[in-house]
Amino acid sequence: MMKPVASEARPEPQSGDPAALLTGHAEFRAELSAIDGMYAEMFDRFAGLIAGAVGLADLEERKAESIGRERGHVTQALGQVAGLPIEQKKVAGRALNLIKRRLEELERAKRLELESAAAPKDALDVTLPGRRPWIGRPHVLAQVRDELLDLFHGLGYSTYESREVERDEYNFTKLNFAPDHPARDAHDTYFVAPDVVLRTHTSPGWVHAMEERKPPLQLVFPGRVYRAEQVDASHMDQFHQIDGLFVDRDVSMADLKATLNTFARSIYGPKTRTRLIPIYFPFVEPGCQMDVACAICDGSGRVRGGAEDQRCPVCKGSGWSELLGAGMIHPNVFRAVGYDPEEWTGFAFGMGIERIAMARYGIAEIRLFLENDVRFLRQF
Ligand SMILES: [Zn+2]
């Protein structure tokens, strides 16, 4: 059978199944057929058209063609009802209004179907860059502290934490700082009350530990300390330390040196060169400073810069960088906590966590640690 020419020139749009969109399809068609088979055919045509829409734009077009205000076939047919004889007018008006309302319901149902099918595709655009979840991590100072604590735990040390607000007696007097001794000047701090200070070092922890416990002791003391410093790139008014304390019979300077060398080589590598130089701290006798060979210039004090050698900017040409302070515990400290200095001996050491982190990661500005800028912190 030949199809009409017009249909071949413009293929019929794909038709769909309206019965799948709305319940009561068969009953509705039966109702129309009872009025006149012509209306059932008209409904079938436009219901199939709407049900067959392949997208929201296509549906809009098919809606315009069937029930649109401008050029909808059903709308136009309704417009012609007024000119019909009175009996036909009643029948046609009722049938066409039924068809129009049913087609509107079908159009809404089809729109919902298309929208819900389209929604997941719109929501998932695989070409968009991913949104990385925010994952927290320990602060760089906490990482370094934990690594150092791990190391000392491996050497047999336990952790002892003590308060940040400290009596003058524990921060100074019992650690052999005489009331007017100039060594106190290096520990200018914040006074909470006439004899209560924010601790200037973690060493008051030794006094508490020794007063509470009997030797032998093998402890490390991590924590935050305070100094009334002029804040600049390498000084903050608060920073972090780890002190260590070893008390037993017959402890010697050789034990101290071996412990510190083991420690230095664990963090800087097995071939690291170290040196001890004498230095004064009130709470040790003798006192020393441990330096490690500068990691930047390998102890030479010179780095290559352009054609000529230049003075190493990190160790300022000395070839060494300061790692920590240490020494044999002063007999006066033992006396202050009730230990007999004739029976007990021991060593102690202390280091700044910021200094170690700065040396390791090449951080030139100490203030960055407390600025809470994630662009800085997430690098570690
Ligand atoms: Zn150097």
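## An exposed lysine and its loop

With a relative accessibility of 63%, Lys-214 counts as exposed. Here exposed means over 50% relative accessible area, buried means under 20%, and partly exposed covers what lies in between, using a 1.4 Å probe and protein chains only. Before going further, a note on what you are looking at: this is a predicted model, in which local features need pLDDT of at least 70 and side-chain atom pairs count only at pLDDT 80 or more, while totals for chains, interfaces and linings use all residues. Residues are numbered from 1 along each chain as its sequence is written, and side-chain values use heavy atoms, with hydrogens and water left out.

Lys-214 belongs to the loop between α9 (204-212) and β5 (217-226). Helices (H or I, at least four residues) and strands (E, at least two) are DSSP runs, numbered from the N terminus. Across the fold, the C-alpha atoms of Lys-214 and Gly-338 are 9.8 Å apart, although 124 residues separate the two in sequence.

Strand β7 (residues 274-278) and strand β8 (residues 284-293) run antiparallel and are joined by 5 bridges. Two strands pair if DSSP finds at least two bridges between them.

A cis peptide bond links Glu-285 to Pro-286, and its omega is about -5 degrees.

## A three-stranded open sheet

Another sheet to look for is open, has 3 strands in the order β2-β4-β3, and pairs them antiparallel. Because β2 (165-167) and β3 stand at the edges with a single partner strand each, one side of each has no neighbour in the sheet. On average, neighbouring strands of this sheet are turned by 35 degrees against each other, direction ignored. Such angles come from axes, which are lines fitted to C-alpha atoms (for helices over the stretch in contact), and run from 0 to 180 degrees between N-to-C directions.

Between β2 and strand β4 (residues 196-198), which run antiparallel, there are 3 bridges. Arg-167 has Val-196 as its bridge partner in β4.

The buried residues of α12 include Ile-353, Glu-354, Ile-356, Ala-357 and Met-358. The packing partners of the buried residues of α12 are α7 (140-154), β6 (238-248), α10 (253-268), β11 (320-329) and β12 (345-352), where contact means heavy atoms within 4.5 Å. Just after α12, Gly-362 has a positive phi of about 65 degrees.

Asn-372 sits in the loop between α12 (353-361) and α13 (374-377). Phi of Asn-372 is near 60 degrees, which is positive in a residue other than glycine. With a relative accessible area of 60%, Asn-372 is exposed. Asn-176, in the loop between α8 (168-171) and β3 (191-193), also has a positive phi, near 75 degrees.

## Aromatic pairs

The whole structure holds 17 aromatic pairs. Rings of Phe, Tyr and Trp (its six-membered ring) pair if their centres lie within 6.5 Å; planes under 30 degrees apart count as stacked, over 60 as edge-to-face, and the rest as tilted. The pair of Phe-152 and Phe-263 is stacked because the ring centres are 4.9 Å apart and the planes stand at 20 degrees. This pair links distant parts of the chain, with Phe-152 in helix α7 and Phe-263 in helix α10, 111 residues apart. Both Phe-152 and Phe-263 are buried.

The pair of Trp-206 and Phe-283 is edge-to-face, because the planes stand at 85 degrees with ring centres 5.4 Å apart. Trp-206 lies in helix α9 and Phe-283 in the loop between β7 and β8, so this pair ties together parts that are 77 residues apart in sequence. Trp-206 and Phe-283 are both buried. A cluster linked by ring pairs takes in Phe-152, Tyr-157, Phe-246, Phe-263, Phe-347 and Phe-349.

## A charge over a ring, and the cysteines

The charged end of Arg-102 sits over the ring of Phe-28, 5.2 Å from its centre. For this, NZ of Lys or CZ of Arg must be within 6 Å of the ring centre and within 35 degrees of the ring normal.

As for disulfides, meaning pairs of cysteine sulfur atoms within 2.5 Å, a search of the whole structure finds 0. Cys-294 counts as buried at 1% relative accessibility, and Cys-312 is buried with a relative accessible area of 0%.
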